[in-house]
Amino acid sequence: MQMITASVGESGSNVGTDSALVQVMLMKVTRPPGLQPPGPYLNSYDGDCGPKTKAAIRAFQNDQVFVSAAGLQSVPNPNAKAGLVRPGDATWAKLIAKLPADFAGLRALPGGKIVYLAASPAELQARLGAVAAMTFAPAFRAKVQACLQRLHQMHGIAAGVCPQGDRRTFQAQYALLAQGTGVTNAGPGESNHNFGMATDIGFAGLRWLRSAGQPDPNETPWLHHLTAQSNAQALVFWEALRSVGTGAAVGAFRGPLSDRPHLQNWNDANVSMGGRLAALLQASGNMRWSYAQPVYRSDLGLGGAMFDVGSASKIWNLESTLTQATLTQARAAAAAANKRPAPPAASAADQAAMRQSLRAQFDLADTHWEAWTPQ
Ligand SMILES: [Zn+2]
């Protein structure tokens, strides 16, 4: 159970996180048998210590703090103050003692007003085990594991890698982009994910307590349920992930700020992902490549000039923008350079064959993903 940082109640500090924790305790602690009304002292929580919360603190103290062992009421307790819960005082200790075991691991993030149940070490181990079975560049896998361990150590959260949050094949990247769901803006070979140097970490199964006190039973990795209730409170969790992931103990980096679950191995703020893919294409296959945003250029394996061949997605989908006219021109130039007669004009079949060849270069780069370097 997480300790409150300051007092809650009448004239208390009433920090939102502390208030939320005390409120939930008052929801989970019930009146002793025979006292009216039966049941808990509060029915909902919101992190704001208002009149109902203050009255509930008083009622709890009257029933269970300012009483003697024999049940006499209005018994002074020097380590408690009427109307207030203070860190570690007698009221706090009694709340802890009366909490049902199922709710003994209540947590709340600093700056947040959402209470959640701490994850067990076994849950953390299961997440770490899943990471061990995934595909990452070795150096980055260590950072992913460190991030999950640190989140559990600091906040009692067993976060995990999202579906498709480890190394993505070029095809997986293409499919994700083609879905148009906004999960990614990068084409095949243009994401750190394609090289095992990025991950998406989420909060699947986070047992945060709804305002009426029941734990959400099946939260998604992306916190869809919590976001539907309060985007601001969901952001507190994403901020915790960002802070841990980029902290000294983990040493990962962020991508775009809007990409909430994303962490990567290095800072790509000033790096051309297209340029790096062109370098990998050239190192993996038998064509020369360059990148001129937003299109790639290639010598088509002819050893001469470079020609626009389209975006990574177009090339991957056998839709390279290379025209028959340009292919005709490229082949004529290559023939002239070798002092051979110009071949006939490129046919539609020639164009289709060249699109296959360009795609084959991407397949080679996909196979050789471990050779990719950030510079
Ligand atoms: Zn990502």
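Me: What makes β8 and β9 a hairpin in this predicted model?
Reply: β8 and β9 form a hairpin with 2 residues between them. Strand β8 covers residues 289–292 and strand β9 covers residues 295–298, and they run antiparallel.

Me: How do you know that β8 and β9 pair?
Reply: Two strands pair if DSSP finds at least two bridges between them. Here 4 bridges join β8 to β9, so by that rule they count as paired. As for which residues face each other, Ala292 stands opposite Val295 in β9.

Me: How many helices and strands does the protein chain have?
Reply: The protein chain has 12 helices and 10 strands.

Me: What makes a residue count as buried, and what share of the protein chain does?
Reply: Buried means under 20% relative accessible area. Buried residues make up 47% of the 375 residues. The accessible surface of the protein chain comes to about 17,000 Å², and 54% of this belongs to carbon and sulfur atoms.

Me: What share of contacts join residues at least 24 apart?
Reply: A contact means heavy atoms within 4.5 Å. Among contacts between residues at least 6 apart in sequence, 57% join residues at least 24 apart.

Terms used. Residues are numbered from 1 along each chain as its sequence is written. This is a predicted model: local features need pLDDT of at least 70, side-chain atom pairs count only at pLDDT 80 or more; totals for chains, interfaces and linings use all residues. Side-chain values use heavy atoms; hydrogens and water are left out. Buried means under 20% relative accessible area, exposed over 50%, partly exposed in between (1.4 Å probe, protein chains only). Accessible areas come from the Shrake-Rupley method with a 1.4 Å probe; for residues, only the protein chains shown count as cover.
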